[in-house]
Amino acid sequence: MMPLISVLIILGAVSTAVNMVAAMVKRICSGLDKMKKETGTDEKRKIGTKEIVAAFICCVVDFGIAQFGLLTLIQKAYSVLAYLAIPVILIPYLIHMAVTRFDTK
């Protein structure tokens, strides 16, 4: 069973990465098209140089984040989220408790 689980984990990671890069390329290229004010037709387009370059850049950036800074990035993000929880969650909850007199009102 162990080899099967390993293969399934690799396949899941690869399929997730492919979908993530495809979504990033679609957003980047559609944003560039909007900036140029190009109007596209509904016909199927071929993959152009712009999409290939965007996919390559996304892959390089994702690889760099995964290899060199993912743990640092996650640690910083969670510390910022913890500090944001005070004004966003704690203070409104305390105000709600005070106004409703601990939900007895």
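A disulfide is a pair of cysteine sulfur atoms within 2.5 Å. A search of the whole structure finds zero of them. Keep that in mind for the cysteine stop below.

**Before you start.** This is a predicted model, in which local features need pLDDT of at least 70, side-chain atom pairs count only at pLDDT 80 or more, and totals for chains, interfaces and linings use all residues. Residues are numbered from 1 along each chain as its sequence is written, and side-chain values use heavy atoms, leaving out hydrogens and water.

**Whole chain.** Show the cartoon. The protein has two helices and zero strands. These are DSSP runs, numbered from the N terminus (helices: H or I, at least four residues; strands: E, at least two). The radius of gyration is 23 Å, well over the 13 Å that the globule rule gives for 105 residues, so the protein is more spread out than a compact globule. That radius is taken over C-alpha atoms, and the rule is 2.2 Å times the number of residues to the power 0.38. The C-alpha trace spans about 65 × 50 × 25 Å along its principal axes.

**Surface.** Of the 105 residues, 10% count as buried. Buried means under 20% relative accessible area, exposed over 50%, and partly exposed in between (1.4 Å probe, protein chains only).

**The core.** Select Val21, Val25, Cys29, Ala54 and Cys58: these five residues form the largest nonpolar core. Helix 1 (2–36) and helix 2 (49–99) are the elements that give two or more residues to this core. Helix 1 supplies the largest share, three residues. Such a core is a set of buried Ala, Val, Leu, Ile, Met, Phe, Trp, Tyr and Cys residues joined through side-chain atoms within 4.5 Å. In soluble globular proteins, nonpolar side chains tend to be buried together.

Now centre on valine 25. Leaving out residues up to four places away in sequence, valine 25 touches Glu51, Ala54 and Ala55. Contact here means heavy atoms within 4.5 Å.

**Glutamate 51.** Move to this partner of valine 25. Glutamate 51 sits in helix 2 and counts as buried, at 14% relative accessibility. A polar atom of its side chain lies 2.9 Å from the backbone nitrogen of glycine 48. A polar contact is a pair of N or O atoms within 3.5 Å; within protein, one must be able to donate a hydrogen and the other to accept it, and residues adjacent in sequence count only if both atoms are side-chain atoms.

**The cysteine pair.** Cysteine 58 is buried at 4%, while cysteine 59 is partly exposed at 40%.

**Along helix 2.** Pick phenylalanine 56, in helix 2. Phenylalanine 56 is exposed, at 58%. Lysine 76 is 20 residues from it in sequence and 27 Å away, C-alpha to C-alpha. Then go to isoleucine 91, also in helix 2. Isoleucine 91 is partly exposed, at 41%.

**Last stop.** Select threonine 100, in the segment after helix 2. Is threonine 100 buried or exposed? Threonine 100 is buried, at 16%. A polar atom of its side chain lies 2.7 Å from the backbone oxygen of histidine 96.
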